[in-house]
Amino acid sequence: MPKQFDENVLNQFARTEEIEIETRAATGRTHRTIIWVVVVDHQAYVRSFRGGKGRWYEEIVANPNAAIHVDGQRLAVHAMPVTDEAFISRVSSEILRKYRGSPSANSMVRAETLPTTLRLEPA
């Protein structure tokens with residue numbers, strides 16, 4: 001069973017519009033990028049707006065150990081790719097529900113973004 005964030009952290013994710021993800025390049029340099037996060041079945045999920053070409057996504061695929069910053073906290077995370085199409089669809093539904101007022105919501109469910117769906121676990 002995957003590791004899970006506690007309920008307080010999951011609630012923060014559910015109510016927070018944006019978080020920052022901190023990834024590390026092969027050079028060792030860290031980068032922070034603002035991303036969206038959703039919670040499905042007590043797990044946190046993220047996706048790259050730029051699809052596989054997003055810098056943070058490329059870096060986290062190369063090194064799945066990263067950190068997220070939410071409400072002034074830095075939390076170490078480990079990213080796991082999601083490959084189950086039915087579950088990817090559930091994440092898409094939650095993105096569309098949570099961000100329904102945003103003009104960017106539909107961009108997060110394009111075919112090229114779907115393979116970038118990642119589950120974040122506490123590291």
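Contact, throughout these legends, means heavy atoms within 4.5 Å. Helices (H or I, at least four residues) and strands (E, at least two) are DSSP runs, numbered from the N terminus. The model is predicted, so local features need pLDDT of at least 70 and side-chain atom pairs count only at pLDDT 80 or more, while totals for chains, interfaces and linings use all residues. Residues are numbered from 1 along each chain as its sequence is written, and side-chain values use heavy atoms, with hydrogens and water left out.

View 1. Two strands count as paired if DSSP finds at least two bridges between them.

View 2. Which residues of H2 are buried? They are Trp56, Tyr57, Glu59 and Ile60, where buried means under 20% relative accessible area, exposed over 50%, and partly exposed in between (1.4 Å probe, protein chains only). These residues cover an arc of only 165° around the axis, which puts them on the same side of H2; the arc is that of the directions from the helix axis to the C-beta atoms. Turned away from that buried side, Val61 and Ala62 are exposed.

View 3. Strand E1 (residues 19-24) is joined to E2 by six bridges, and the two run antiparallel. Threonine 23, found in strand E1, has histidine 31 of E2 as its bridge partner. Threonine 23 is buried, with a relative accessible area of 2%. Its side chain and that of glutamate 59 are joined by a polar contact of 2.5 Å. A polar contact is a pair of N or O atoms within 3.5 Å; within protein, one must be able to donate a hydrogen and the other to accept it, and residues adjacent in sequence count only if both atoms are side-chain atoms. Not counting residues up to four places away in sequence, threonine 23 touches Arg29, Thr30, His31, Trp56, Glu59, Ile60 and Ala66.

View 4. Three bridges join E3 to E4, which run antiparallel, and valine 40 stands opposite glutamine 43 in E4. Two residues lie between the strands of this hairpin, where aspartate 41 takes a positive phi near 50°. E4 is also joined to E7 by three bridges, again antiparallel, with alanine 44 opposite leucine 120 in E7. In E4, Gln43 and Tyr45 point one way and Ala44 and Val46 the other way, and all are buried. Over in strand E7 is glutamate 121, which is buried with a relative accessible area of 10%.

**View 5. Helix H3 and its buried face.** Helix H3 (residues 85-98) has 14 residues and reaches 20 Å from its first C-alpha to its last, close to the 20 Å expected at 1.5 Å a residue; the expected span is 1.5 Å times one less than the number of residues. Buried in H3 are Phe87, Ile88, Val91, Ser92, Glu94, Ile95 and Lys98. Seen down the axis of H3, they fall within an arc of 160°, so they line one face of the helix. These buried residues pack against helix H1 (7-15), E3 and E4, whereas Glu85 and Ala86, on the other side of H3, are exposed. Aspartate 84 caps the N-terminal end of H3, with a side-chain oxygen 3.2 Å from the backbone nitrogen of alanine 86.

**View 6. Threonine 113 in its loop.** Threonine 113 sits in the loop between H3 and E7 and is buried, with a relative accessible area of 0%. Its side chain reaches the backbone oxygen of arginine 110 at 2.8 Å, and a polar atom of that side chain lies 3.0 Å from the backbone oxygen of methionine 108.
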